[in-house]
Protein chains: 2
Amino acid sequence: MHADTRHRVVVVGGGFGGLQAALKLAKRPVEVTLVDRRNFHLFQPLAYQVATGALSPSEICYPLRTIFRGRENVDVLLAEATGFDLAERRVRLRAVAEDIPAPQYVEYDSLIVAGGSRYSYFGHDDWHAFAPELKSLEGALDIRSRILTAFEAAELEHDPERRRAWLTFVVVGAGPTGVEMAGQIAEIARDSGPEFRHAETRSAQVLLIEAAERVLTGFPPSLSARAARALGKLGVTPLLGHSVTGVEQDAVTTTSPDGSTARHPARTVVWAAGVTSSSLARELAGATGAELDRAGRLIVEEDLSLPGQPEVQALGDMVAIRREHGVETLPGLAPVAMQQGRHAAANVRARLHGRAARPFHYSDKGNLATIGRAKAVADIKGIHLSGGLAWVTWLAVHLWYLIGFQNRLLVLTRWAFSFVTHGRGARLIGAAGAQAPERD
Amino acid sequence: MHADTRHRVVVVGGGFGGLQAALKLAKRPVEVTLVDRRNFHLFQPLAYQVATGALSPSEICYPLRTIFRGRENVDVLLAEATGFDLAERRVRLRAVAEDIPAPQYVEYDSLIVAGGSRYSYFGHDDWHAFAPELKSLEGALDIRSRILTAFEAAELEHDPERRRAWLTFVVVGAGPTGVEMAGQIAEIARDSGPEFRHAETRSAQVLLIEAAERVLTGFPPSLSARAARALGKLGVTPLLGHSVTGVEQDAVTTTSPDGSTARHPARTVVWAAGVTSSSLARELAGATGAELDRAGRLIVEEDLSLPGQPEVQALGDMVAIRREHGVETLPGLAPVAMQQGRHAAANVRARLHGRAARPFHYSDKGNLATIGRAKAVADIKGIHLSGGLAWVTWLAVHLWYLIGFQNRLLVLTRWAFSFVTHGRGARLIGAAGAQAPERD
């Protein structure tokens with residue numbers, strides 16, 4: 001269809017950054033291959049709403065092929081990128097499942113790597129089995145089944161101590177995701193009361209464990225304080241300055257600021273603390289000699305390229321940027337990745353036209369976090385909002401950025417119903433496949 | 001809250017029949033316990049739309065607790081009914097998962113069993129692994145992942161023969177579900193063309209295998225003929241009078257009417273043929289001496305009760321009815337189960353008031369099946385419709401019976417978008433958990 005001699009751009013990762021890069025290169029005289037191991041883009045900031053049953057997966061996921069329908073120079077390749085042969089200019093690939101095919105590699109003239117990050121579990125990968133995370137759709141669906149099952153189990157359990165453990169929910173990490181999650185669990189507990197005959201769901205405890213001294217450390221202290229007050233009113237107990245030292249099937253152990261240890265019996269633990277970069281950061285570091293920071297972020301040049309590899313760019317929360325006077329670490333937010341994705345695409349086009357790549361600068365439009373029904377905090381260019389106005393802003397921004405008009409309408413419908421009825425429509429246990437389907 | 005001396009009704013199964021029975025007994029002076037191993041009611045006639053990505057699970061599933069919110073005499077019990085101690089008047093229970101609690105049994109004064117049916121695989125349970133079914137949400141999600149993966153694999157596969165197998169879809173059974181499924185797969189193949197760069201999705205083959213001599217045997221022959229023509233136009237190849245004799249990972253073997261055998265290489269097989277009753281039918285037969293018919297249906301009395309057990313009723317597609325002149329087998333449709341559910345509830349109330357239970361008679365409102373976009377057949381009290389008018393009827397009836405105003409609106413939105421854009425919004429591979437989530 002196109003001449004084979006066109007410049008080949010490979011974009012690894014269909015998250016916010018990779019998607020913007022590929023969109024910006026669509027309908028341009030280049031051949032783009034977007035590699036992802038999922039067939040859909042996940043609107044990750046709303047994953048926690050899937051975890052609480054407020055939204056359905058397909059409302060925050062959009063098939064990549066649909067996004068690039070009609071953008072014929074973009075080829076979506078369902079495969080997992082495992083590494084790079086920079087000398088041969090190719091990305092090594094692996095099939096996403098045993099029985100389906102995949103090429104061994106894909107060749108590029110320009111490469112954009114947007115591999116994202118994952119939660120780190122502070123080096124305790126074994127905690128993952130008891131404390132699923134909120135970065136992936138699978139994690140969100142697993143959490144949904146666990147939360148719903150916990151209320152059902154509390155309904156069936158007669159022993160008061162065990163019932164209490166079923167009605168105790170621990171959220172680890174009080175960043176925006178952890179705060180939103182804790183607030184929503186508290187709301188579920190409050191709103192579900194009339195649906196249960198035996199369990200007192202309103203007596204549920206929600207513990208929000210945070211190693212720092214305040215919630216939402218990415219926000220100014222005054223907004224953190226307001227968020228903490230709003231959480232308290234919802235029935236969330238923030239344990240600030242507490243570190244998690246153990247996660248078991250039925251309890252979480254913490255160390256408090258004074259050094260004392262406590263064991264919190266709890267059957268449901270949600271992990272939203274401490275991120276580490278995609279393993280692709282390490283792969284690129286190994287291949288180029290670029291450095292990694294303490295969180296495993298790949299340190300890229302100011303123009304997002306790798307040292308000595310101008311045709312290779314990396315972006316999103318898997319990177320930090322080397323500036324003249326130190327390393328800049330931007331927050332792991334969608335707007336950062338989106339701006340970087342567009343910037344990387346522009347750099348590819350600049351080089352094609354013989355111009356130099358330009359340094360990236362983040363344009364901070366503001367920071368938002370919602371806590372619950374009609375409660376949010378916003379920090380927009382120094383203007384601090386909280387309460388209803390911040391919440392409406394949060395709603396509008398998230399709806400605006402959701403991909404696809406249909407999804408916006410579906411999500412708006414769900415939210416309107418939830419607001420009026422205090423209900424959540426997508427409360428399905430096991431449909432996540434967390435429990436294997438049984439036959440008759 | 002209520003006196004313990006109230007009449008206790010246990011309803012087993014939250015499908016169409018059990019749900020109607022429990023709803024009809026809500027706010028009456030009885031104590032109802034609805035036992036289900038799922039926390040949601042599944043609108044099974046639309047499960048095939050989840051399997052094709054047209055709808056999202058939560059749009060056709062509704063949490064049982066929400067349905068009975070405010071109906072305080074109905075208690076939802078998340079557990080699996082495994083058998084019956086009729087002398088002690090109790091239902092034996094098992095927990096739905098290893099680590100969550102459940103009572104060992106629940107006692108009743110009146111019992112209504114609505115356990116449903118499952119596909120039989122003609123005694124070849126090993127075929128299930130290669131040919132998931134459309135009765136459960138898990139089956140539908142498994143099929144969704146397989147269909148979407150097949151197109152992705154065809155896109156990646158270079159070998160023409162293997163690519164052809166990925167682009168061959170076999171649907172076994174040409175009842176309404178099989179016909180609808182085959183039609184939708186053909187439409188996906190046609191509509192997905194612009195999204196793939198390498199696979200010719202329009203060249204996909206859809207084989208609809210049926211042992212009978214026509215499709216939709218529940219309809220008059222003239223409508224079957226019209227449905228077959230509509231299927232043909234969509235690109236579905238019906239193989240009528242063909243029996244499936246083998247299902248493997250990459251092929252289906254059939255025997256044709258003339259006795260010859262054919263092997264059809266195909267990577268995606270959907271099972272929608274031959275139902276057998278829930279194992280609860282066998283349990284009840286064993287406990288009461290009631291008979292089972294060839295398909296495993298429990299033969300109940302005219303009033304849906306069991307022989308010699310007036311306080312035990314069974315209904316839905318797990319039963320057949322003993323009439324004066326033989327056994328009546330009603331079609332396994334939602335309206336039958338719903339009418340029987342309401343009838344069983346009325347019988348419980350009649351007996352409470354010292355009146356006799358009444359025989360059940362099905363009021364046939366008609367039969368509908370859709371084939372594709374703006375194509376359906378309808379047989380309404382002898383009036384035969386096909387094409388656009390039948391399709392609009394089908395849409396209206398299915399929307400009407402969908403539980404919950406929110407679901408109706410969400411489904412209507414999705415359908416409107418699909419109709420205009422030829423797209424399907426819920427096309428997520430693996431979100432079903434069919435593939436285990438990988439970490440980084």
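Predicted model: local features only at pLDDT ≥ 70, side-chain atom pairs only at ≥ 80, totals over all residues.

Visitor: Which kind of axis relates the two copies?
Guide: Chain B is superposed on chain A by a rotation of 180° with 0.0 Å of shift along the axis, at an RMSD of 0.0 Å. The superposition is by least squares on the C-alpha atoms of residues with pLDDT of at least 70 in both. The copies are thus related as by a two-fold rotation axis.

Visitor: Which element gives the most to the side of chain B that touches chain A?
Guide: Residues are in contact if their C-beta atoms, placed from the backbone, lie within 7 Å; by this rule 53 residues of chain B are in contact with 53 residues of chain A. Elements of chain B that each supply at least two residues include α3 (57-60), α5 (137-156) and α12 (405-421), where helices (H or I, at least four residues) and strands (E, at least two) are DSSP runs numbered from the N terminus. With eight residues, the most is given by α5(B).

Visitor: How are α7(A) and α8(A) oriented to each other?
Guide: Helix α7 (residues 176-191) and helix α8 (residues 221-234) of chain A pack at an angle of about 25°, with their axes 9 Å apart. Axes are lines fitted to C-alpha atoms, for helices over the stretch in contact, and angles run from 0 to 180 degrees between N-to-C directions. Angles under 35 degrees count as roughly parallel. Therefore α7(A) and α8(A) are roughly parallel.

Visitor: Which strands are the edge strands of the open sheet in chain A?
Guide: The order of the four strands in chain A is β13-β12-β11-β17, with parallel pairing; two strands pair if DSSP finds at least two bridges between them. Strand β12 (residues 205-210) of chain A is joined to β13(A) by five bridges, and A:Val206 stands opposite A:Val236 in β13(A). Pairing on one side only, the edge strands of chain A are β13 (236-240) and β17 (268-271).

Definitions and conventions: Residues numbered from 1 in each chain as written. Chains lettered and ligands numbered in written order. Contact = placed C-beta atoms within 7 Å. Parallel < 35°, antiparallel > 145°, perpendicular 65-115°, else oblique.
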